[in-house]
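Please read these notes with the model open beside you.

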Amino acid sequence: MNLPSSDEIKGRWKQQIGAAKIAWGNLTEDELLKVEGHEQKLAGLIQERYAITREEAMAQVKAFFEKNKP
């Protein structure tokens, strides 16, 4: 199984930003564009904005990507 390239991840992420804005309404589109689909960066932003644990943020991110697979 081939892992997607960073360009593929970025391209898919742009398509998923609308769903991400619904999932995490406190994040701006600009912030979501900056994380470029990187799970760790997104989790850090969610953790900060929603004052939750890193584990909870990562769980939310993993669930989001699982639900929004291409």
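1. Start with Leu45. Leu45 sits in helix H3; helices (H or I, at least four residues) and strands (E, at least two) are DSSP runs, numbered from the N terminus. Leu45 is buried, at 14% relative accessibility. Leaving out residues up to four places away in sequence, Leu45 touches Leu27, Glu31 and Val35. A contact here means heavy atoms within 4.5 Å. Now look at Gly11: Leu45 and Gly11 are 34 residues apart along the chain, and their C-alpha atoms are separated by 20 Å.

2. A word on the source. This is a predicted model, in which local features need pLDDT of at least 70, side-chain atom pairs count only at pLDDT 80 or more, and totals for chains, interfaces and linings use all residues. Residues are numbered from 1 along each chain as its sequence is written, and side-chain values use heavy atoms, with hydrogens and water left out.

3. Glu31 is found in helix H2. Is Glu31 buried or exposed? Glu31 is buried, with a relative accessible area of 18%. Setting aside residues up to four places away in sequence, Glu31 touches Asn26, Leu45 and Arg49.

4. Asp30 also deserves a look. Asp30 belongs to helix H2. Its relative accessible area is 46%, so Asp30 counts as partly exposed. Asp30 and Arg12 are 18 residues apart along the chain, with 16 Å between their C-alpha atoms.

5. Now the whole chain. How many helices and strands does the chain have? The secondary structure comes to four helices and zero strands. Along the sequence the pattern reads α-α-α-α. The radius of gyration is 12 Å, close to the 11 Å that the globule rule gives for 70 residues, so the chain is as compact as a globular protein of that length. The radius is taken over C-alpha atoms, and the rule is 2.2 Å times the number of residues to the power 0.38. Along the principal axes, the C-alpha atoms fill a box of roughly 35 × 25 × 20 Å.

6. Of the 70 residues, 30% count as buried. The chain exposes about 4,800 Å², and carbon and sulfur atoms supply 52% of that area. Accessible areas come from the Shrake-Rupley method with a 1.4 Å probe; for residues, only the protein chains shown count as cover. Take the contacts between residues at least 6 apart in sequence: 33% of them join residues at least 24 apart.

7. Look closely at helix H1. H1 covers residues 6–23 and has a kink of about 50 degrees, centred on Gln16. The bend at a residue is the angle between axes fitted to the seven residues ending there and the seven starting there. Gln16 is also one of the buried residues of H1, along with Trp13, Ile17 and Ala20. What do the buried residues of H1 pack against? They pack against helix H2 (29–35), helix H3 (39–50) and helix H4 (54–67).

8. Lys14 is in helix H1 and is exposed, at 61% relative accessibility. Lys14 and Gly25 are eleven residues apart along the chain, and their C-alpha atoms are separated by 16 Å. Asp7 is exposed, at 59% relative accessibility. From Asp7 to Glu36 is 29 residues in sequence and 9.5 Å in space, C-alpha to C-alpha.

9. Check the loops for backbone angles. Most residues other than glycine have a negative phi. Glu36, in the loop between H2 and H3, has a positive phi near 50 degrees. Glu36 is partly exposed, at 28% relative accessibility. Ala51, in the loop between H3 and H4, has a positive phi of about 50 degrees and is not a glycine. Ala51 is exposed, with a relative accessible area of 70%.

10. Last, the charges. The chain has 11 positive and 11 negative charges, and their mean positions are 2 Å apart. Lys and Arg count as positive, Asp and Glu as negative; His and the chain ends are not counted. Each charge is placed at NZ of Lys, CZ of Arg, CG of Asp or CD of Glu.

Terms used:
Buried < 20%, exposed > 50% of the residue type's maximum accessible area, 1.4 Å probe, protein only.
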